[in-house]
Amino acid sequence: MPAMPVKKLTIVLLVALMGVALQGCKLPIERAQASPSVRYASPAEEKPQGGKVSEFESLFASWSSSSGSDNSDTVQTEIPSNNSNYIYLTFDDGPDPKWTPQIINLLARHKAVGTFFVIGRSAVTYPELILQEAQAGQMIANHGYNHMDLTTLDYGNFFLEVKDTENVVREALSAYPDLSQNVVPCLRPPYGAINDNVWTFAYRLPYDVSMWTLDTNDWTGLAAESILDNVLTKAKAGSVVLMHDGGKDRSETVEALALILHEMTLSGWEFRPMCTAEGQQAPSW
Ligand SMILES: [Zn+2]
């Protein structure tokens, strides 16, 4: 086989590089224009392929920041906001004295708001973490008192699981009445277990049932880079992202969150509260 002339080879390589660059440039826009979709997370549905994406995005970010100004903040302001570039970050199974403060600090540093679905029995053990969440402007939602499968309960026990959790959260904030607006009427059933009773009982309280549309799979023990890839490759406008700040070692989640907040902020994404005192902002299920 004859060797390819050096000049021709250079041109081929340049064209290939430009192709990669163009594809990468389009990524944030494509994600931002995607219409919101509501579906339950199915872990095996999409193959991780974000390694190259995140690699390119950090490369792109470094190009952009070095081209115009020394201040990397200019990257963010150059991207127009079209009000469809937002996702909802949600954290289950806290509060936890090791992981929750780290997550709160990361969110605060990026001016991001998340929604914490707390377990009542942990909230009563660590009321200071509930206070810390609310004082940082984060939203505090309900994951039941004992992390039980709610589909197995009658209304009386269902009521106690939810209301006892709400009461310990309100108690933790009782010295600061203004922070009660951070306590939100959203319920995420443990294990994602729902049936007609859960819907009916929650409605009666009244609470919104709050599921998710993007499972980071952090609960399976994935490495931070893989958690990041899951979010970058699956995020659409209005995605509800499932992560965990308690239950077991969440060091990979914390590391992944730092990467997610950094990369997606540079790409113009916002992180909004899924629930407010008025109820759920994300699509109803
Ligand atoms: Zn849980």
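Is the crossing of α9 and α10 left-handed or right-handed? In this predicted model, the crossing of α9 and α10 is right-handed. The protein as a whole has 10 helices and 10 strands, and 39% of its 285 residues are buried.

**Helices α9 and α10**
- Helix α9 covers residues 224–234 and helix α10 covers residues 251–266; the two pack at an angle of about 45°, their axes being 8 Å apart.
- That angle makes α9 oblique to α10.
- On the α9 side, the contact uses Ala224, Ile227, Leu228, Val231 and Leu232.
- Facing them in α10 are Glu252, Thr253, Glu255, Ala256, Leu259, Ile260 and Glu263.
- Sorted by class, this contact of α9 with α10 has 8 nonpolar, 1 polar and 3 charged residues.

**Helices α6 and α7**
- Helix α6 (residues 127–135) packs on helix α7 (residues 155–172) at an angle of about 75°, with 8 Å between their axes.
- Because angles of 65 to 115 degrees count as roughly perpendicular, α6 is described as roughly perpendicular to α7.
- Pro127, Ile130 and Leu131 of α6 make the contact with Val169, Glu171 and Ala172 of α7.
- The residues of this contact of α6 with α7 divide into 5 nonpolar, no polar and 1 charged.

**The nonpolar core**
- In soluble globular proteins, nonpolar side chains tend to be buried together.
- In this model, the largest nonpolar core has 58 residues.
- The residues with the most contacts inside this core are Val118, Ile130, Ile140, Ala141, Val169, Val231 and Val241.
- Helix α10 gives the most to this core, contributing 6 residues.
- Ile130 also belongs to the α6 side of the contact with α7. Leaving aside neighbours within four places in sequence, Ile130 is in contact with Pro95, Val118, Ala123, Ile140, Val169, Ala172 and Leu173.

**Contacts along the sequence**
- Of the contacts between residues at least 6 apart in sequence, 79% join residues at least 24 apart.
- Asn217 and Met243 sit 26 residues apart in sequence, while their C-alpha atoms are 7.6 Å apart in space.

**A closer look at Asn217**
- Where is Asn217? Asn217 lies in the loop between β6 (214–215) and α9.
- Asn217 has 17 other C-beta atoms within 10 Å, so Asn217 counts as partly exposed.

Definitions and conventions: Residues numbered from 1 in each chain as written. Predicted model: local features only at pLDDT ≥ 70, side-chain atom pairs only at ≥ 80, totals over all residues. Axes fitted to C-alpha atoms, helices over the stretch in contact; angles between N-to-C directions. Helix = DSSP H or I, 4+ residues; strand = E, 2+ residues; numbered from the N terminus. Parallel < 35°, antiparallel > 145°, perpendicular 65-115°, else oblique. Contact = placed C-beta atoms within 7 Å. Nonpolar A, V, L, I, M, F, W, Y, C, P; charged D, E, K, R; others polar. Left-handed = near helix turned anticlockwise from the far one by under 90°. Core = buried A, V, L, I, M, F, W, Y, C linked by C-beta atoms within 7 Å. Buried ≥ 20, exposed ≤ 12 C-beta atoms within 10 Å, placed from the backbone.
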